[in-house]
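Reader: Could you walk me through the side-chain contacts in this one, starting with the aromatic rings?

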Amino acid sequence: MFDIVIKNGILIDPESLTRTNGNVGMKNGKIASITKEEIHGVQEFDAYGKMVCPGFIDIHGHIDWDDYCGELSLRQGITTTVGGNCGLSPLDINAFFAAQEKQGFIVNQAELIGHSISLRAEVGAADPLEPATAEQLARMEYLVEKAFEEGACGLSLGLAYAPGSSNAEIINLSKIAARYGRIVAVDTRMITGIDMYSLVEVISIARQTGARIQVSHLVYQYGTGVMNEALAVINRARADGLDIRFDSGMYTQWATHIGAVLFSEEYMELNGWKLEDILVITGKYNGQRLTMDIYQELRTHYPHTAVVVFTGIEEEIYMALHHPYAMPSTDTGTYLPGEGHPQIAGSFPRYFKKMVAERYELTIMEAVRKATLLPAETLGFNTKGRLREGMDGDIVVVDMQTITDKADFGLPNAYPEGIDYVFLNGKLALAKGEIMDRQAGKAVRCTKPVYDYQI
């Protein structure tokens, strides 16, 4: 007798890229049986005609303990989220994980340690246009090593938010990540929408340090007519033996806060962004396009207001996610209900609808692999992202006939359809749109190297 049995499903194995009909039994939080034989459990769920696969791993998000944000991710079939991206993270990684180990959370959480905003602020490098001093860098090196000892799964660089960061900062901290076998996730130092130097800089980090690189939200960075060139740079680096991977969402429009250096008048002019191209998505001007008066007021008095830049070419989304080392991501963040970007509720359902059901860009097995096994392998999550006995009981049941995103600008938190059941650590977390357990998620500490350091 198992705790939970999922019966009659179409089982998607991302390791073998095969699908078979069968049953899954879970016990004590783990997958205990995968079989065609009849099995029984305390709870049984019929998945006839539905896809049964490992829970989705969102390699680029900003949930960081926000329950509502976590709920919107769970409703997409995401069972594990990676926070601390773009250089913004909690600094006390041990306290972050210890709280979840004590209280649980709505999804599993892994965490990066963030350089460009969090670490620099902690050590007093407050000016984003100025490099850290030698003393400040030494302090950051200590804090990064401490974070890795406590289980951070990598280092995140948000170079667009601290363009003054020195080469020494980037290289020294990335060397520590390489020594610990952790990834370096990079929001690149874009100056304009056609700036390829920023991607070459990321490749140079890998060349100089031996670190494995995860380029953040590639379409937001290079989906402006230069995606072919960006993929060529990545492919050349991989051909040279460098481990470069990337994530990307399903939208061309990207979100951040209006106070970022990116929205200085100089950067706006360099990028050719017009005020009317930018939509406010939080605060008192939510839903309005920028005017000069609103722009100046928000930059001066409300710099944390989130905005969306309408830019990019939709076809380049599919071009990017077709790459064998591309992974879907949400870039989700903390918003109030009715605020935000539709990525917070629609990303993964939209990925399966567009890439598989509508455009036939990927087979269902390939699409599942990119959303499960590939991020698990990238981050060293050895018990996640796989549908086999002994793995964590993180499973999603998807109806590929109805899978669709409903979120849009103006209605960013509309729930998707087609995510029938989500199981976390062998517990039922979501059933037919109803949240069943808000504490089933566990902390995901990284304690072993993903690979051998060779530089």
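**Aromatic rings and cysteines**

Author: There are 14 aromatic pairs, where rings of Phe, Tyr and Trp (its six-membered ring) pair if their centres lie within 6.5 Å. This is a predicted model, in which local features need pLDDT of at least 70 and side-chain atom pairs count only at pLDDT 80 or more, while totals for chains, interfaces and linings use all residues. Residues are numbered from 1 along each chain as its sequence is written, and side-chain values use heavy atoms, with hydrogens and water left out.

Reader: How are the planes of Phe-56 and Phe-352 arranged, stacked or edge-to-face?

Author: That pair is stacked, because the ring centres are 5.0 Å apart and the planes stand at 25°; planes under 30 degrees apart count as stacked, over 60 as edge-to-face and the rest as tilted.

Reader: And where in the chain do those two sit?

Author: Phe-56 is in strand 6 (residues 56–58) and Phe-352 in helix 12 (residues 343–358), 296 residues apart, so the pair links distant parts of the chain; helices (H or I, at least four residues) and strands (E, at least two) are DSSP runs, numbered from the N terminus. Both Phe-56 and Phe-352 are buried, that is, under 20% relative accessible area with a 1.4 Å probe, protein chains only.

Reader: Switching to cysteines, how many disulfides are there?

Author: The structure has 0 disulfides, a disulfide being a pair of cysteine sulfur atoms within 2.5 Å. For Cys-153, the nearest cysteine sulfur belongs to Cys-446, 4.7 Å away.

Reader: Is Cys-153 buried or exposed?

Author: Cys-153 counts as buried because its relative accessibility is 1%.

Key:
Buried < 20%, exposed > 50% of the residue type's maximum accessible area, 1.4 Å probe, protein only.
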